[in-house]
Amino acid sequence: MTSMPQEFPNRPGVSVATMLQAVASQADLIPGVIKHVAPQARAAVSTLAPGRITNIFITGCGDSLYAALATRLAFEKYSGYRTEPIEALEFSRYTVDYLPKGALVIGVSAGGGTSRPVEALRAAREAGATTFAVTGRPGSPLSEAAHAVVIQNESAFRVPAPTGEGTFALGNYLGSMLGLYLLAFELGLANGTLTPARYDSLIAELLRAPEIIQATIKANEPAIQEYASSVASAGAYYLLGGGPSYATVLFMAAKLFEMPQAHGVPVELEEWAHEQYFLTRPDSVVMVVSPPGSSTDRAREQITGARDVGGRVVAICDQHDDETRKLADVTFVIMGELPEEFSPLVYAIPGELFAAYVCRAQGKQAFAFINERQYEVNMRQISQSRQR
């Protein structure tokens with residue numbers, strides 16, 4: 001399918017060219033969101049009474065959940081608090097009844113109207129927890145459920161839809177992550193875990209990401225397009241990552257679901273050897289996200305194992321990681337190094353390009369609902385679910 005059917009004209013797909021612009025535009029988004037969100041994060045944290053917070057829960061669905069998972073390591077390193085990312089239904093229907101005293105619950109939803117995160121914050125507030133919202137929509141139900149709100153401004157940097165096309169808010173994932181990173185830093189600054197100088201150095205690290213994104217696109221785009229064409233008919237794409245990179249592969253899989261509606265299979269790095277190993281066949285597509293960090297050695301072992309059973313392995317790794325590169329069949333290199341806790345800002349870029357180029361190879365637009373019923377059911381299931 002190259003466009004929406006005539007009987008469904010109001011939800012057009014997104015051209016591959018527009019998607020590629022959306023990927024690149026994230027470099028501009030990062031400094032813009034930091035400038036917009038940093039004072040809000042400081043204001044939110046300033047509302048907390050000293051000693052009030054003992055631990056943190058971050059909750060959301062879909063990309064918002066992945067943002068929570070992606071930033072957990074940063075929270076644990078810099079906020080000074082034990083942090084647990086948890087899916088919104090699991091939180092609102094199970095965990096909320098057993099919250100420890102002093103819990104800070106951060107709900108994440110870019111649109112602010114997704115049923116489960118709203119339910120989670122409302123339930124947390126009723127249970128006596130302090131609640132923050134990270135969203136892209138002021139005045140949303142999520143905002144109204146929170147004691148304090150951080151509004152990320154991804155929409156200010158979104159590529160506008162050309163005539164006859166839809167839009168795709170690809171940058172909301174980065175916007176949510178940046179909101180969470182900044183809250184972690186402010187919490188650490190407030191409780192003495194971070195010094196002002198260290199805070200400034202962490203902001204400087206985040207501001208290195210745009211240059212890395214631009215260089216990574218330039219270095220990899222032709223190779224990714226060629227590779228996507230060669231595997232566009234694959235029945236599944238196994239995506240492996242550990243630590244913050246587990247969030248990266250979850251997000252990459254989601255873009256394969258949404259753009260070409262292909263079967264991305266996100267796998268926690270260790271678990272491939274225990275489970276999806278048994279489904280890996282000669283020419284199975286296996287993509288391993290491996291930034292420099294605590295699980296690089298295990299990523300190399302899994303690359304070797306996947307190749308030993310015939311898998312066709314792509315490594316997404318640092319440009320200078322020659323040891324990982326020589327183990328893989330194909331490499332997409334990240335052109336610059338960030339601390340592992342910030343790697344999700346840049347390591348998803350090859351996956352986003354890959355999903356867009358799979359669309360092109362299959363002759364599809366991105367994010368094109370196949371009919372009106374598919375769209376209506378999707379909206380009903382996400383934003384119109386009954387809340388407790």
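Buried denotes a relative accessible area under 20%, exposed one over 50%, and partly exposed a value in between (1.4 Å probe, protein chains only). The views below show a predicted model, in which local features need pLDDT of at least 70 and side-chain atom pairs count only at pLDDT 80 or more, while totals for chains, interfaces and linings use all residues. Residues are numbered from 1 along each chain as its sequence is written, and side-chain values use heavy atoms, with hydrogens and water left out.

**View A. The buried face of helix H7.** Helices (H or I, at least four residues) and strands (E, at least two) are DSSP runs, numbered from the N terminus. Helix H7 spans residues 196-206, and its buried residues are Tyr-199, Leu-202, Ile-203 and Leu-206. Seen down the axis of H7, these buried residues fall within an arc of 100 degrees, so they line one face of the helix; the arc is that of the directions from the helix axis to the C-beta atoms. Their cover includes helices H1 (16-46), H2 (63-78), H6 (172-191), H8 (209-231) and H12 (344-347).

**View B. Strands E1 and E2, paired in the parallel sense.** Two strands pair if DSSP finds at least two bridges between them. Six bridges link E1 (residues 55-60) with E2 (residues 82-87), and Ile-56 has Thr-83 in E2 as its bridge partner. From E1 the chain passes through H2 to E2 in a right-handed β-α-β crossover. A crossover is right-handed if, with the strands pointing away from the viewer, the path from the first strand over the helix to the second runs clockwise.

View C. E9 pairs in the parallel sense with strand E8 (residues 285-290) over six bridges, and the partner of Val-289 in E9 is Ile-316. The chain goes from E8 through helix H10 (residues 296-308) to E9 by a right-handed β-α-β crossover. Five bridges also join E9 to the parallel strand E10 (residues 330-334), where Val-333 is the bridge partner of Cys-317. The passage from E9 through H11 to E10 is a right-handed β-α-β crossover.

**View D. Thr-324 in helix H11.** Helix H11 covers residues 322-327, and Thr-324 is buried, with a relative accessible area of 0%. Neighbours within four places in sequence aside, Thr-324 is in contact (heavy atoms within 4.5 Å) with Ser-290, Thr-296, Arg-300, Ile-303, Ala-315 and Cys-317. Thr-324 and Thr-296 are 28 residues apart in sequence and 8.3 Å apart in space, C-alpha to C-alpha.

**View E. Helix H13, mostly covered.** H13 (residues 349-362) has 14 residues and reaches 20 Å from its first C-alpha to its last, close to the 20 Å expected at 1.5 Å a residue; the expected span is 1.5 Å times one less than the number of residues. Eleven of its 14 residues are buried, among them Ile-349, Leu-353 and Phe-354. Just after H13, Gly-363 takes a positive phi of about 70 degrees. Not counting residues up to four places away in sequence, Phe-354 touches Ile-224, Tyr-227, Ala-228, Val-231, Tyr-237, Leu-256 and Met-287.
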